[in-house]
Structure formats: C-alpha cells, structure tokens
Amino acid sequence: MVTQTVECIEMEVEMPKSYVTRLRCKRCEYKWVPRIPSPAVCPKCHSPYWNKSATRKTGVRRNKR
Ligand SMILES: [Zn+2]
C-alpha cells in the first residue's frame with residue numbers, strides 16, 4: 001500500500017468576484033448590484049417598495065377617529 005502524504009495546503013480565503021448579490025426590483029424588474037446590503041429605494045424607479053411584492057393598501061385602518 002502506498003500511503004500518500006497529504007500536505008496541509010493553506011487555502012487562501014478570498015472572495016470570488018462573481019459572488020455578488022444582485023437585487024431585483026419587484027416594481028420595475030430592474031436588477032442591480034447594490035453597494036449596501038439593503039438599499040432604501042430602487043435606483044431606477046426610486047420605489048421604497050422594490051423588495052416588497054405588490055401590495056394593495058396594506059394596513060388599512062378602520063378607525064373612525
Ligand atoms: Zn424599480
């Protein structure tokens with residue numbers, strides 16, 4: 001039996017450039033690579049609800065005051 005000596009190779013931990021998070025606007029279908037994890041608005045349509053699905057008047061208050 002031939003036993004191979006496996007040398008411990010130092011793995012360089014580097015972030016691949018392909019590892020980028022692309023965001024997509026649910027309003028205008030615009031895709032972009034953000035500089036920050038969660039931008040406030042879509043850079044194209046400037047909608048603050050780019051990451052939220054189309055909602056129809058959420059939080060309807062029925063208070064008559
Ligand atoms: Zn948009």
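**Burial, contacts and backbone geometry in the predicted model**

Of the 65 residues in the protein chain, 5% are buried, where a residue is termed buried if 20 or more other C-beta atoms lie within 10 Å of its own, exposed if 12 or fewer do so, and partly exposed in between, with C-beta atoms placed from the backbone. The structure is a predicted model, in which local features need pLDDT of at least 70 and side-chain atom pairs count only at pLDDT 80 or more, whereas totals for chains, interfaces and linings use all residues. Residues are numbered from 1 along each chain as its sequence is written.

The secondary structure of the protein chain consists of 0 helices and 2 strands, these elements being DSSP runs numbered from the N terminus (helices, H or I, at least four residues; strands, E, at least two). With contact defined as two residues whose C-beta atoms, placed from the backbone, lie within 7 Å, pairs of residues 24 or more positions apart contribute 17% of the contacts in the protein chain that have a separation of 6 or more.

Cys-42, located in the segment after β2 (31-32), is classed as buried because 20 other C-beta atoms lie within 10 Å. When residues up to four places away in sequence are not counted, Cys-42 touches Cys-25, Arg-27, Cys-28, Tyr-30, Ser-47 and Trp-50. The C-alpha atoms of Cys-42 and Lys-31 are 9.2 Å apart in space, the two residues being 11 residues apart in sequence.

Tyr-30, one of the residues touched by Cys-42, belongs to the loop between β1 and β2 and is partly exposed, since 15 other C-beta atoms are found within 10 Å. Apart from residues up to four places away in sequence, Tyr-30 touches Cys-25, Cys-42, Lys-44 and Cys-45; for Tyr-30 and Lys-44, which are 14 residues apart along the chain, the C-alpha atoms are separated by 7.0 Å.

Backbone torsions were also examined. Most residues other than glycine have a negative phi. Glu-29, however, has a positive phi near 60 degrees; this residue lies in the loop between β1 (23-24) and β2, and is exposed because 9 other C-beta atoms lie within 10 Å. A positive phi, near 55 degrees, is likewise found for His-46, which lies in the segment after β2 and counts as exposed, given its 12 C-beta neighbours inside 10 Å.
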